[in-house]
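Subject: Structure handover

Hello,

Here is the structure you are taking over. Notes on what was found in it follow below.

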Amino acid sequence: MSPSKDLKKQLRKEALARRDALDEFWRVEIALEMAETGKEKIDFEPGRVVSGFWPMRSEVDVRPLMFALREKGARLCLPAILDKTTIVFRELVRGAPMVEMGFGTVGPHEEAEVLDPTLMLVPLAAFDARGHRIGYGAGYYDRAIARLADKGITPRLIGIAFDCQEVERVPEENHDVIIAEILTESGLRRFDIA
């Protein structure tokens with residue numbers, strides 16, 4: 001393993017331990033507050049396809065935010081794991097069947113329409129003040145975003161995290177996707193990634 005990968009692994013482990021230590025009830029309250037912030041600060045045209053994610057372990061529960069964005073006219077989708085390297089985004093429709101996706105998460109059934117999101121709420125393990133993120137190590141989002149780019153789609157990326165997941169500096173690798181915005185309990189932060 002490269003020194004960069006080793007450092008990412010250590011930073012991920014430490015950030016997730018801090019996140020896991022957060023009070024469960026506080027996390028619920030914060031998820032609701034973040035939904036209000038997002039509803040106020042995240043603007044888009046009605047009909048825009050927005051990908052969220054079903055929370056696992058101690059992640060921010062982004063579902064209240066997703067539903068707040070639906071009220072503003074978003075068309076929602078969730079990641080569906082196809083294999084060890086690929087996710088697609090299936091439409092989230094009220095009342096449609098959900099299935100286990102592994103990793104303690106669920107997603108829409110395979111009959112749901114596959115959509116290309118133009119606004120993505122991105123889960124992460126850690127981030128820095130430059131918009132660099134550390135995911136969970138499988139690279140699903142990096143590859144999904146690259147596939148969208150191959151189709152000519154440059155989605156607006158908003159990382160979702162708690163403040164305690166911020167680290168001083170994320171080591172950079174060529175395949176890493178930089179996130180222009182991060183939503184935490186402190187608000188929506190925008191980074192200059194040019």
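**Cavity, pockets and a helix pair**

By class, the lining of the largest cavity has six nonpolar residues, one polar and two charged. Here Ala, Val, Leu, Ile, Met, Phe, Trp, Tyr, Cys and Pro count as nonpolar, Asp, Glu, Lys and Arg as charged, and the others, Gly among them, as polar. The lining residues are Arg19, Phe53, Glu59, Val60, Pro123, Leu124, Tyr136, Ile160 and Gln165. The space inside this cavity is about 30 Å³, and a search of the whole structure finds one cavity of 30 Å³ or more.

This is a predicted model, in which local features need pLDDT of at least 70 and side-chain atom pairs count only at pLDDT 80 or more, while totals for chains, interfaces and linings use all residues. Residues are numbered from 1 along each chain as its sequence is written, and side-chain values use heavy atoms, with hydrogens and water left out.

On the terms: on a 1 Å grid over the protein atoms alone, a cavity is a set of points where a 1.4 Å probe fits but cannot get out; a pocket is an open set with protein on both sides within 12 Å along at least five of seven lines; lining residues have an atom within 4 Å of a point. Grid points are joined across faces, edges and corners, and a volume is the space filled by probe spheres set on the points. Helices (H or I, at least four residues) and strands (E, at least two) are DSSP runs, numbered from the N terminus.

The largest pocket has a volume of about 710 Å³. Of its 32 lining residues, Gly135, Tyr136, Gly137, Ala138 and Gly139 lie nearest the centre. Two or more lining residues come from each of α1 (3–20), β2 (75–81), β5 (105–108), β9 (133–134) and α4 (140–150). The largest share, four residues, is from α1. The lining divides into 17 nonpolar, five polar and ten charged residues.

The second largest pocket holds about 190 Å³ of space. Its lining has five nonpolar, no polar and six charged residues; among them are Glu24, Arg27, Pro55 and Asp61. α2 gives the most to this lining, with five residues.

Helix α2 (residues 24–41) and helix α3 (residues 63–71) pack at about 30°, with axes 8 Å apart. Axes are lines fitted to C-alpha atoms, for helices over the stretch in contact, and angles run from 0 to 180 degrees between N-to-C directions. α2 and α3 are therefore roughly parallel to each other (angles under 35 degrees).

Regards

Conventions:
Angles under 35 degrees count as roughly parallel, over 145 as roughly antiparallel, 65 to 115 as roughly perpendicular and the rest as oblique.
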